[in-house]
Amino acid sequence: MTVASQVKQTLANLKGIQGTLGIYSVKSQDEETKTVFNEAINTINGIVEDLEKRIQTLEFEEPQYEGN
Amino acid sequence: MGDAMQEWIEILLRSFSLLVLVLFSARVIGKKNMANVTPFTFMSYIAIAVISALISTKVIKNIAFGFIALGVWVLLPVAIDYLSIKSKLIHDIVIGKGTVLIKNGKIMEENLLRARITGEELLRDLRSKNVFNLADVEFALMESNGEINVFMKSDKKPLTAHDIGKKVAPRSESQTVILDGTPLNEPLTSLGLNQGWLKTQLDKMGVSIDNVFIGQVDSSGDLYVDLFDDSINIPQPKVKEMLYANLEKCHADFMKYALETKNKEAKNMYQKNEQKLKELKEKLEPYLLR
């Protein structure tokens, strides 16, 4: 596996976590819990953006693996 | 024969009307638990019971006199209860104050005498509160109903999350949404859910609602079920634990990338986000793991 595809996997993982956190934030009855989950989603958003930028650079550096 | 017949009917009528009367006066007297009534209330209960038994079996011939006595024993305790709520003085006279039996870890012998309990009885009551060492007790109080309540020395008290400075997620009680194979609509709607949601969840587990004895939804919205058929093992919700494991994996990935990359800028980005994920993990731990 190339670095780019590994990073892409981590990105997918992070997005999955975001989705599940979203579900729990909607499902939970408690306001404090909701806030904590929503803040977590925002934090992960920032990380996802950084990671996407990095993937662009990686694909530029190793164009033969683009799309993997 | 005719007289005996009449008497028979009279006793039946008396008993029946008194039963109804006592039923209603029990509602008037209130909802106190039998186990923690004060001696006075206990005696008034007995008086009511005895008087009504005497009226219904015609021991008290004059029904009017009987009802006067019954009325006094029902209404006066209610009136005294009401007054003792309003006035501290009457409360202390009628219901009495608690007696301090142990203070600063030392037994107050004269108070023991005043409460008329022996050392043996004190030890027995402490044991029933799961206290076997007198040395562990900081304070003990005999309530007006005779119950003994104990305050342990601070190093002998059970550890709480607050003591170890650990944050725990707020958690409210679970709602029962299935009972005996029947979905309960009221708790479902109070959670903002419906039977369609319930059906989806049960389909996911692969069980039919007829097989569910009790189903509860916890405060995070996960469904827990107990089945009639105990030979079936169903997966219980582990989504939050998986989520946490996933988060840990992502954290590890970032650490790895930070070590592997030669690019200075990328290394900084990975390290910064690794730190973020670490903080996130710590923050979410109480909510995801129990």
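Two strands pair if DSSP finds at least two bridges between them.

Strand S1 (residues 99-103) of chain B pairs with S2(B) in the antiparallel sense, over 2 bridges. In this pairing, B:Ile102 stands opposite B:Ile107 in S2(B). The two strands belong to an open sheet of 4 strands in chain B, ordered S2-S1-S3-S4, with antiparallel pairing. At the edges sit strand S2 (106-107) and S4 of chain B, each pairing on one side only.

A quick word on the ground rules: residues are numbered from 1 along each chain as its sequence is written, and chains are lettered from A and ligands numbered from 1 in the order in which they are written. Because the model is predicted, local features need pLDDT of at least 70 and side-chain atom pairs count only at pLDDT 80 or more, while totals for chains, interfaces and linings use all residues; side-chain values use heavy atoms, leaving out hydrogens and water.

**Where the chains meet**

Chain B brings 33 residues to the contact and chain A brings 26 residues, where contact means heavy atoms within 4.5 Å. Between them they bury about 2,700 Å², 63% of it on carbon and sulfur atoms. Buried area here is the accessible area (1.4 Å probe) that two parts lose on being put together, summed over both. Which three residues supply more of the area that chain B buries against chain A than any other three? They are B:Leu243, B:Tyr257 and B:Tyr287, with 19% of that area.

There are also 4 salt bridges between chain B and chain A, a salt bridge being a side-chain nitrogen of Lys or Arg within 4 Å of a carboxyl oxygen of Asp or Glu. Helix H9 (239-260) and helix H10 (264-288) of chain B each supply at least two residues of the side that touches chain A. The largest share of that side, 12 residues, comes from H10(B).

**Salt bridges, across and within**

Over all chains, a search of the whole structure finds 15 salt bridges. Side chains of opposite charge can pair when their charged atoms come close. Here are some of the pairs:

| Pair | N to O distance |
|---|---|
| A:Lys27 and B:Asp222 | 3.2 Å |
| A:Glu32 and B:Lys167 | 3.1 Å |
| B:Lys129 and B:Glu147 | 3.1 Å |
| B:Asp136 and B:Lys156 | 3.9 Å |

The salt bridge of A:Glu32 and B:Lys167 crosses between chains, from helix H2 (residues 31-61) of chain A to the loop between strand S4 (148-152) and strand S5 (175-179) of chain B. A:Glu32 is partly exposed at 38% relative accessible area, and B:Lys167 is partly exposed at 45%. For these labels, buried means under 20% relative accessible area, exposed over 50%, and partly exposed in between (1.4 Å probe, protein chains only).

Within chain B, B:Lys129 and B:Glu147 form a salt bridge. This pair links distant parts of the chain, 18 residues apart: B:Lys129 is in the loop between helix H6 (119-128) and strand S3 (137-142), and B:Glu147 is in the loop between S3 and S4.
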